[in-house]
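Try each task yourself before reading its solution.

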Amino acid sequence: MEISKELIKRKFNLFNNKCFHSQLPMPNSFSVKSYRQVAGQCIINTNGKKPRVSIIISRCFDFSEETLDETIIHEMIHYYLFLQGNKRWMKHGKVFKDECKRIKMLYGITIHRNAYHINLNEKYKPKMTVIDKLLSFILKPFILLLNRL
């Protein structure tokens, strides 16, 4: 799936209306970056009179419509918790989990706390070095043996 700033913004508006009753002000920016460790990020810069909010989605993941929606909502939950004055808005603790449960119960959308269930796009997967290949070749018989036990 091709990710663009416009697509993220359109989905932000949709889910802001649907899940957050239009409580979230429009972020200052939406962007697409090459993150391989995280599928999305909500950055809130509080150095100034008004916080500056950025929602970032990674181009490195093989998103389906469902996983992209989930990732955007995940970042919106962080933003929502910040606006509620929650000091732990960037964490995935109890308050975050409660919001995930609310969205699941009301809208049937499952929000994960990480992106382990979303595959990296092939072109962004780390390439095996010669040493990796050699170690894999040497260890393969031992791994097969352990799996039989």
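The exercises below look at one helix, its salt bridges and a surface patch.

This is a predicted model, in which local features need pLDDT of at least 70, side-chain atom pairs count only at pLDDT 80 or more, and totals for chains, interfaces and linings use all residues. Residues are numbered from 1 along each chain as its sequence is written, and side-chain values use heavy atoms, with hydrogens and water left out.

**Exercise 1.** Work out whether the span of helix α3 agrees with its number of residues.

*Solution.* Start with the helix itself: helices are DSSP runs of H or I with at least four residues, numbered from the N terminus. Helix α3 covers residues 94–107, which is 14 residues. Next, take the expected span, 1.5 Å times one less than the number of residues; this should come to 20 Å. Finally, compare: the end C-alpha atoms are 20 Å apart, which agrees.

**Exercise 2.** Find which residues of α3 are buried, and how they are arranged around its axis.

*Solution.* First, sort by relative accessible area: buried means under 20%, exposed over 50%, and partly exposed in between (1.4 Å probe, protein chains only). F96, E99, C100 and I103 are the buried ones.

**Exercise 3.** Describe the surroundings and the salt bridge of E99.

*Solution.* Begin with burial: E99 has a relative accessible area of 11%, so it is buried. Then list contacts (heavy atoms within 4.5 Å): leaving aside neighbours within four places in sequence, E99 touches F20, I77, Y80 and L81. Now look for a salt bridge, a side-chain nitrogen of Lys or Arg within 4 Å of a carboxyl oxygen of Asp or Glu. E99 forms one with R102, the closest N and O atoms being 2.9 Å apart. The two are 3 residues apart in α3, so about one helical turn separates them.

**Exercise 4.** Which parts of the chain does the salt bridge between K11 and D69 link?

*Solution.* The side chains of K11 and D69 meet at 2.6 Å, N to O. This pair joins distant parts of the chain, with K11 in helix α1 and D69 in helix α2, 58 residues apart. K11 is buried at 8%, and D69 is buried at 15%. To finish, K11, E65 and D69 are linked in a network of salt bridges.

Terms used:
The arc is that of the directions from the helix axis to the C-beta atoms.
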